[in-house]
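Please consult the sequence and the structure shown here.

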Amino acid sequence: MLSRLFAPKVKVSAHCDLPCGVYDPAQARIEAESVKAVQEKFQANEDPHFRARATVIKEQRAELAKHHVSVLWSDYFKPPHFEKYPELHQLVNDALKALSAAKASTDPATGQKALDYIAQIDKIFWETKKA
C-alpha cells in the first residue's frame, strides 16, 4: 500500500541529471589553470612554508579538476556522444591521468598538458550542445 502511495505519478526523462545548463568544462579548466599557476609560483619561490602551502593547494585544485572532468564523463556525455566522438573515452582518461600527473608534480608543463586535454573535451562538449 505504501509503495503505491509513494510511487511516481509521472515518469520523466532527461538527457542529464538536471535540465541542461548545469554542466560546463569551464569548471575543470579553471581548476586546472589554478594548478598550473601554483606550479609556476612554486618554481619562483624558495620559501619552504610557501612551497608546502602551494603543494596542498595544487593537489586540492587538481582533485577538483578531476572531479569536474569525471562528472562530465559520467553525467553529461551519453552513448550518442561516444558514438559520434569515439576518442572521447580515451580523451577523458588522458585528461584524468594528466591531472594526476600535475597533482604529483611542480612542473608547469604537466599543468599545461592537463589544460590541453581539457580544451579538447571542451571543444567536443560545445559541439554536442549545438546538436
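The model is predicted: local features need pLDDT of at least 70, side-chain atom pairs count only at pLDDT 80 or more, and totals for chains, interfaces and linings use all residues. Residues are numbered from 1 along each chain as its sequence is written, and side-chain values use heavy atoms, with hydrogens and water left out.

Helices are DSSP runs (H or I, at least four residues) numbered from the N terminus. Axes are lines fitted to C-alpha atoms over the stretch in contact, with angles from 0 to 180 degrees between N-to-C directions.

| Helix pair | Angle | Axis distance |
|---|---|---|
| α5 (residues 88-103) and α6 (residues 108-130) | roughly 155° | within 8 Å |
| α3 (residues 48-76) and α5 | about 170° | 9 Å |

The angle of the second pair makes α3 roughly antiparallel to α5 (over 145 degrees). In the contact (heavy atoms within 4.5 Å), the residues of α3 include V69 and W73, and those of α5 include L96 and L99. By class, this contact of α3 with α5 has nine nonpolar, three polar and five charged residues.

Helix α5 also meets α6, and residues taking part include L88, L91 and V92 of α5 and Y117, I118 and I121 of α6. The contact of α5 with α6 comprises 13 nonpolar, three polar and two charged residues.

Helix α6 also holds T128. T128 counts as buried because its relative accessibility is 9% (the limit is under 20%, with a 1.4 Å probe and protein chains only). Residues touched by T128, not counting those up to four places away in sequence, are Y76, F77, H81 and Y85. With Y76, the T128 side chain forms a side-chain polar contact at 2.7 Å (a pair of N or O atoms within 3.5 Å, one able to donate a hydrogen and the other to accept it).

Note on methods: Helices (H or I, at least four residues) and strands (E, at least two) are DSSP runs, numbered from the N terminus. Ala, Val, Leu, Ile, Met, Phe, Trp, Tyr, Cys and Pro count as nonpolar, Asp, Glu, Lys and Arg as charged, and the others, Gly among them, as polar. Buried means under 20% relative accessible area, exposed over 50%, partly exposed in between (1.4 Å probe, protein chains only). Angles under 35 degrees count as roughly parallel, over 145 as roughly antiparallel, 65 to 115 as roughly perpendicular and the rest as oblique.
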